[in-house]
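Try each task yourself before reading the solution.

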Amino acid sequence: MSVSTESLTQLFPPDAAAIPEAWRLPAPLHQRQYLLDGALHEWTGPVQEVISPLFERQADGSLQPRVIGSYPLCDEAEARKALDAAVRAYNHGRGEWPMMSVAERIAAVEKFTRLIVARKQEIVQLLLWEIGKSAADSNKEFDRTIDYIRNTIDALKDIDRDSSRFTIEEGIIGQIRSSPLGVVLCMGPFNYPLNETFCMLIPALLMGNTVLFKPPKHGTLLHFPLLQAFIDAFPRGVVNTVYGRGSTVVPALMASGQIDALGLIGSSRVADSLKKMHPKSNRLRAILGLDAKNAAIIMPDADLAVAVQESLLGALSFNGQRCTALKIFLVHERIADEFVRRLAVEINKLKPGMPWDAGVNITPLPEPQKPTYLAEIIADAEAHGARVMNEGGGTAAGPLVFPALLYPVQAGMKVWREEQFGPVVPVARFAQTEEAIQYLIDSDHGQQVSIFGTDSQEVADLIDQLVNQVSRVNLNAQCQRGPDTFPFTGRKDSAEGTLSVFDALRSFSIRTVVATKMTEANKHLLNAIVDGQESSFLSTRFIL
Ligand code: G3H
């Protein structure tokens with residue numbers, strides 16, 4: 001298909017009949033309830049309209065934004081009530097939830113999982129409509145989240161089994177376990193609104209914390225079907241929602257000093273300012289997944305077929321809206337022209353369309369200002385000497401933007417350093433490998449890198465230098481977070497703390513020891529507590 005604004009416009013549905021039945025929204029969802037202290041409360045104040053990026057095509061060919069619902073724009077007072085509920089439920093670590101045994105907490109999370117699996121269809125449908133993620137990827141996000149929860153439960157059982165023994169060292173006997181941190185504020189991103197929120201929220205809950213949960217700006221309504229499940233599965237006040245503009249509801253929470261851990265996947269600018277609002281910085285644990293500008297370094301002897309295929313996936317899966325996306329390509333000058341030629345061909349095989357279209361690759365973008373921003377960075381690169389190398393690259397119809405391959409990109413262009421988080425693929429040339437390494441050294445980000453090459457010595461040299469710049473070096477493969485058992489973190493402005501099935505359990509807890517000198521009296525005391533099953537913490541019971 002040749003790409004033009006008209007051809008892209010034609011991809012939007014003119015009416016409901018053009019939408020497959022399985023993906024038709026039954027009616028707009030005007031959410032007025034929010035979860036506070038174990039009950040759904042009615043909100044009568046201002047609301048935020050939710051506009052789907054899946055616009056409606058009009059008879060005159062224009063595209064009309066489609067309102068698919070609205071949600072409460074709660075105020076600071078409401079946010080404080082949510083905080084009070086979470087603080088009460090934690091009760092300085094003496095609440096029902098933090099005092100519960102690990103096995104009981106696991107049972108509650110298992111119940112929650114059963115309840116949300118039953119609501120999969122509604123959740124996935126809202127996910128697709130709110131952020132324009134393809135049907136296949138929306139389903140995948142849901143399934144991956146459920147797998148993540150189940151794997152996290154298994155990891156916690158393993159940790160608990162390992163901790164159920166006593167350690168004896170230097171005449172001291174102790175039991176080492178993990179305890180909750182307190183009240184956790186969880187804020188997920190719009191690109192994985194379900195998965196990345198739950199990658200923090202579930203481990204935080206399993207470790208005995210109470211939670212304030214603020215849904216992302218886009219990808220909010222899909223959490224509504226989950227609210228009743230939170231009520232049914234957890235004690236009162238353990239999970240509370242905070243709906244509203246971040247700038248209205250979050251500062252007061254941080255300034256209260258009562259947030260013990262901030263779990264945020266979003267921008268480093270926001271994370272930085274929120275951390276500074278906390279009056280007792282040493283008391284705040286931050287687990288952050290932030291900006292990234294992952295580079296691909298393509299060596300002269302790279303297998304170009306592999307490099308092009310992985311680059312395509314790395315740069316443009318979900319329209320490039322992944323923190324792990326490849327956001328700049330540094331290609332050896334000997335093969336740069338050929339790499340660009342082949343990549344342009346592959347980009348133009350991608351299928352733009354609506355998320356329910358079979359085999360669709362490029363879908364409308366949920367951030368309203370993003371198409372304008374992308375046009376600006378493309379124009380800026382062109383003004384500084386780059387060209388759009390693929391036919392129709394950068395063409396837009398409303399929120400649908402066809403990917404632009406920019407070449408040759410160089411320092412001084414916006415796209416050289418800015419995280420585009422969208423379908424723009426910048427390619428730069430290098431003559432000496434040192435130039436590519438220097439790019440990473442000078443970067444504010446340090447999440448991942450991809451190296452494409454076949455010379456073992458050269459690849460080994462690059463590995464040894466780049467492992468001290470980023471947190472994951474991918475060989476002849478795109479950057480990615482998975483498998484979810486691998487540690488996911490970053491250096492510099494890209495992350496704080498580590499997330500993974502296992503690491504997140506550590507991140508949202510603190511190692512705690514009960515220890516005593518090995519005297520006869522103390523041995524007798526420990527045996528009495530353990531034999532009589534008198535303590536939840538000090539125990540040798542196994543979770544099977
Ligand atoms: O947005 C950032 C995500 O953590 C990326 O995850 O590599 O699985 O797409 P992914």
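This is a predicted model: local features need pLDDT of at least 70, side-chain atom pairs count only at pLDDT 80 or more; totals for chains, interfaces and linings use all residues.

**Exercise 1. List the residues around the ligand and sort them by class.**

Step two: sort them. The shell splits into four charged, three polar and three nonpolar residues.

**Exercise 2. Find which N or O atoms of Tyr192, Glu196 and Cys323 lie by ligand oxygens, side chain or backbone.**

Start with the side chains. Tyr192 puts a side-chain N or O atom 2.4 Å from a ligand oxygen, and Glu196 has a polar side-chain atom 2.4 Å from a ligand oxygen.
Then turn to Cys323, where a backbone N or O atom sits 2.7 Å from an oxygen of the ligand.
Now check the cover: on its own the ligand has 310 Å² of accessible area, and the protein covers 96% of that. As for the site, the ligand takes up the space of the second largest pocket.

**Exercise 3. Work out where the ligand lies relative to the domains.**

First, get the bounds: the assignment gives domain 1 as 12-289 and domain 2 as 294-482. Their C-alpha centres are 31 Å apart, and the contact involves 26 residues from domain 1 and 21 residues from domain 2.
Next, go back to the shell. Both domains contribute residues to it, so the ligand lies between them.

How values were computed. Residues are numbered from 1 along each chain as its sequence is written. Side-chain values use heavy atoms; hydrogens and water are left out. A polar contact is a pair of N or O atoms within 3.5 Å; within protein, one must be able to donate a hydrogen and the other to accept it, and residues adjacent in sequence count only if both atoms are side-chain atoms. Accessible areas come from the Shrake-Rupley method with a 1.4 Å probe; for residues, only the protein chains shown count as cover. On a 1 Å grid over the protein atoms alone, a cavity is a set of points where a 1.4 Å probe fits but cannot get out, and a pocket is an open set with protein on both sides within 12 Å along at least five of seven lines; lining residues have an atom within 4 Å of a point. A molecule sits in a cavity or pocket if more than half of its atoms lie within 2 Å of its grid points. Ala, Val, Leu, Ile, Met, Phe, Trp, Tyr, Cys and Pro count as nonpolar, Asp, Glu, Lys and Arg as charged, and the others, Gly among them, as polar. Domain bounds come from an automatic or database domain assignment. Contact means heavy atoms within 4.5 Å.
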